[in-house]
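Welcome, and please take a moment to turn the model around before reading on. The paragraphs below walk through it one region at a time.

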Amino acid sequence: CIQEGPRELFHKILVTSSKGGIGKSTVALGIAAALSREGRRVLLVDCDAGNRCLDLMLGVEDAVLYDLSDVYGDRCAAEQAFLSCPNLPNLVFCAAPADPFSDLDKERLTRALRALAEASHAEFVICDTAGLGDTVRAIAADFADGALIVATQQPASIRSAERTAMFVEEMGGIPARLIISCFEERAAEDGVRAGLIAIIDGAHVRTLGVVPKDRTLLLSQETGRMPGEKSRAGAAFANIAKRILGEDVRLFSG
């Protein structure tokens with residue numbers, strides 16, 4: 001069930017799920033931050049137009065002048081849409097527009113993402129998305145080389161993860177891996193909520209990592225700061241980043 005053996009080294013990563021409110025942006029930001037702490041140049045792009053929140057989570061909302069729609073519409077150069085992130089010098093960020101794209105041109109979107117990736121000189125590009133609409137379809141088909149599907153212990157979320165993985169694999173033929181977020185060990189042990197094996201079996205997606213429910217993570221997001229590297233969530237994201245880099249790290253290391 002758990003991803004084993006030689007791993008695909010994803011460089012352009014789509015983070016998604018057809019279920020809302022399960023921590024996709026948290027996972028996207030956590031992994032981006034962890035990769036940057038490994039010394040890797042990372043571009044984080046908020047592609048969730050209409051429900052953008054990564055600028056708030058990073059604490060840079062007042063610094064946004066240009067966003068993804070400006071690069072998409074040729075209103076600015078890719079470099080002008082970049083924001084640096086406090087305490088994460090290897091991470092650059094591009095914000096999402098306030099309103100969803102109307103009549104999305106998939107080729108223009110992927111062209112904008114490629115321009116951002118090239119201008120940032122990033123080794124890893126992480127695209128935070130929502131739902132299974134045209135944005136995800138375009139990124140899966142013509143940009144990403146791997147997808148991370150986020151799920152929680154909720155039955156609806158587990159079913160959604162299976163559907164989402166099938167969708168991205170059909171659209172782009174890219175491999176999908178599962179990230180289990182907000183995992184409550186005690187609830188699983190007591191049989192109140194689904195355990196790891198039940199989630200993996202229900203989603204039918206090989207698992208790349210588990211992020212435990214962590215109060216420090218919730219509090220840090222409200223203040224525009226990332227959780228400490230020694231927090232439970234910080235350790236989980238560090239483990240996931242190392243697996244993306246090809247290292248063999250046990251599931252609950254740290």
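Let us begin with a term: a residue is called buried under 20% relative accessible area, exposed over 50%, and partly exposed in between, using a 1.4 Å probe and protein chains only. The model is predicted, so local features need pLDDT of at least 70 and side-chain atom pairs count only at pLDDT 80 or more, while totals for chains, interfaces and linings use all residues. Residues are numbered from 1 along each chain as its sequence is written, and side-chain values use heavy atoms, with hydrogens and water left out. Helices (H or I, at least four residues) and strands (E, at least two) are DSSP runs, numbered from the N terminus.

With that in hand, look at helix 6, where Glu162 lies. Because its relative accessibility is 27%, Glu162 counts as partly exposed. In the loop between strand 6 (146–151) and helix 6 you will find Thr152, which counts as buried at 8% relative accessibility. Thr152 and Ile179 are 27 residues apart along the chain, and 8.5 Å separates their C-alpha atoms.

Now for the helix packing. Two packed helices are described by the angle between their axes and the distance between the axes. Here axes are lines fitted to C-alpha atoms, for helices over the stretch in contact, and angles run from 0 to 180 degrees between N-to-C directions. Angles under 35 degrees count as roughly parallel, over 145 as roughly antiparallel, 65 to 115 as roughly perpendicular and the rest as oblique. A crossing is right-handed if the near helix is turned clockwise from the far one by less than a right angle, and left-handed if anticlockwise.

Helix 5 (residues 134–142) and helix 6 (residues 155–172) cross at roughly 55 degrees, with axes that come within 7 Å, and are therefore oblique to each other. Their crossing is right-handed. Helix 4 also packs with helix 5, at an angle of about 60 degrees and with the axes 9 Å apart. That makes helix 4 oblique to helix 5, and this crossing is right-handed. For helix 1 and helix 10 (residues 232–244), the angle is about 70 degrees and the axes are 8 Å apart. Helix 1 is therefore roughly perpendicular to helix 10, and passes it in a right-handed crossing.

How much space lies in the largest pocket? About 400 Å³. A pocket is an open set of points on a 1 Å grid over the protein atoms alone, where a 1.4 Å probe fits, with protein on both sides within 12 Å along at least five of seven lines; lining residues have an atom within 4 Å of a point. Of the 27 lining residues, Gly21, Ile22, Gly23, Lys24 and Thr26 are the closest to the centre. Two or more residues each come from helix 1 (24–37), strand 7 (176–183), strand 8 (207–212) and helix 9 (215–222), and helix 1 gives the largest share, 4 residues.

Finally, visit two loops. His121, between helix 4 (106–120) and strand 5 (124–128), has a positive phi near 55 degrees. His121 is exposed, with a relative accessible area of 66%. His204, in the loop between helix 8 (196–203) and strand 8, also has a phi near 55 degrees and is exposed, at 60%. Most residues other than glycine have a negative phi.

How values were computed. Grid points are joined across faces, edges and corners, and a volume is the space filled by probe spheres set on the points.
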